[in-house]
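Student: I would like to learn how to read charged pairs and backbone angles in a model. Could we take them one at a time?

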Amino acid sequence: MAARHEEIAEELRRAIDRGEYPVGGTLPTESDLAARYEVSRGTVRQAVAALTSEGRIGSRQGARRVVLGNRRSQSFAELRSFAQWARAMGRTASGRVIEQYRRPATAEDTERLQLPPGSDVLQVLRVRGLDGEAVLVERNAYPIWVAEAVERLPADCESVVQALYDDIGIIFAYGEHTIDAVAAGTQDAELLGIRRGGPLLRIRRTTTTHAGRPIEWSDDRYRQGSVSFAVSNSIGSNPLARHVG
């Protein structure tokens with residue numbers, strides 16, 4: 001028989017999945033949850049800790065618990081939060097910054113991040129790992145308004161999404177993704193330990209706040225065989241669109 005805190009954690013997961021607590025919204029206070037489930041606040045804290053460890057809710061000090069993701073969107077949560085996806089799969093995620101610097105925004109940066117002409121961006125190159133094995137190269141461009149927070153992160157930060165929420169309260173709310181395949185260049189091959197020209201799954205994404213303000217745009221390249229993506233759709237709901245070129 002499941003412990004009471006495990007039962008409460010599962011009831012909260014289901015409530016989040018139903019949209020009772022939408023992504024970006026907050027959970028009731030510990031006192032309110034304790035009264036609802038007729039348990040101690042300590043039992044509620046155990047349930048909430050389980051959801052926090054899964055990356056489902058945020059744990060920012062001094063703030064209400066904010067919902068960061070649900071199971072219905074989990075198949076695409078990995079596109080913006082590698083660490084959350086890895087934890088959900090029972091894997092250990094790692095990250096390592098290879099280089100980080102500010103530079104003038106390119107025309108593509110300006111378009112994707114909705115920047116005025118002449119802006120700068122923070123460019124970050126990271127390698128991500130699963131269980132100690134390099135599987136992903138990330139190239140992220142951040143607008144200057146978020147650059148200082150990113151620069152404060154340790155080079156081996158496991159989850160940038162969680163760290164930025166904890167630090168300045170940013171929620172990565174929406175993302176647009178383009179998925180295709182590319183051949184590994186010299187740098188990608190060296191960082192991932194594969195041959196040059198080998199196949200990589202590329203995901204380009206732009207992520208914004210709830211208000212639509214761009215937080216980052218990224219070019220992510222996964223090593224062959226390291227990850228796959230599943231999408232459920234129906235005749236009335238299809239989140240994907242096919243593009244040529």
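Tutor: We can start with the charged pairs. This is a predicted model, and the count of salt bridges in it comes to 23.

Student: What is the general idea behind such a pair?

Tutor: Side chains of opposite charge can pair when their charged atoms come close. In this structure, one of the pairs is Glu-11 with Arg-4, whose closest N and O atoms are 3.9 Å apart. The cut-off is 4 Å, so a pair at that distance still counts.

Student: Is Glu-11 buried, exposed or partly exposed?

Tutor: Glu-11 is partly exposed, with 34% relative accessibility. Arg-4 is also partly exposed, at 32%.

Student: How far apart are the closest N and O atoms of Arg-102 and Glu-151?

Tutor: They are 2.9 Å apart, and the two residues form a salt bridge. This pair links distant parts of the chain: Arg-102 belongs to strand β1 (residues 93-104) and Glu-151 to helix α7 (residues 144-152), 49 residues apart. Arg-102 has a relative accessible area of 39%, which means it is partly exposed. Glu-151 is partly exposed at 33%.

Student: Which residue forms a salt bridge with Arg-139?

Tutor: Asp-188 does, with 2.8 Å between the closest N and O atoms. Arg-139 is partly exposed, with a relative accessible area of 21%. Asp-188, at 3%, counts as buried.

Student: Which residues are linked with Arg-139 and Asp-188 in a network of salt bridges?

Tutor: The network also holds Asp-180, Arg-202, Arg-204, Asp-219 and Arg-221.

Student: Now the backbone. What should I expect of phi?

Tutor: Most residues other than glycine have a negative phi. Glu-38 is not a glycine, yet its phi is positive, at about 55°.

Student: Where does Glu-38 lie?

Tutor: Glu-38 is in the loop between α2 (30-37) and α3 (41-53). Its relative accessible area is 73%, so Glu-38 is classed as exposed.

Student: What is the phi of Gln-114?

Tutor: For Gln-114, also not a glycine, phi is positive at about 55°. Gln-114 sits in the loop between α6 (107-112) and β2 (120-130).

Student: Is Gln-114 buried or exposed?

Tutor: Gln-114 counts as exposed, with 58% relative accessibility.

Note on methods. Residues are numbered from 1 along each chain as its sequence is written. This is a predicted model: local features need pLDDT of at least 70, side-chain atom pairs count only at pLDDT 80 or more; totals for chains, interfaces and linings use all residues. Side-chain values use heavy atoms; hydrogens and water are left out. Helices (H or I, at least four residues) and strands (E, at least two) are DSSP runs, numbered from the N terminus. Buried means under 20% relative accessible area, exposed over 50%, partly exposed in between (1.4 Å probe, protein chains only). A salt bridge is a side-chain nitrogen of Lys or Arg within 4 Å of a carboxyl oxygen of Asp or Glu.
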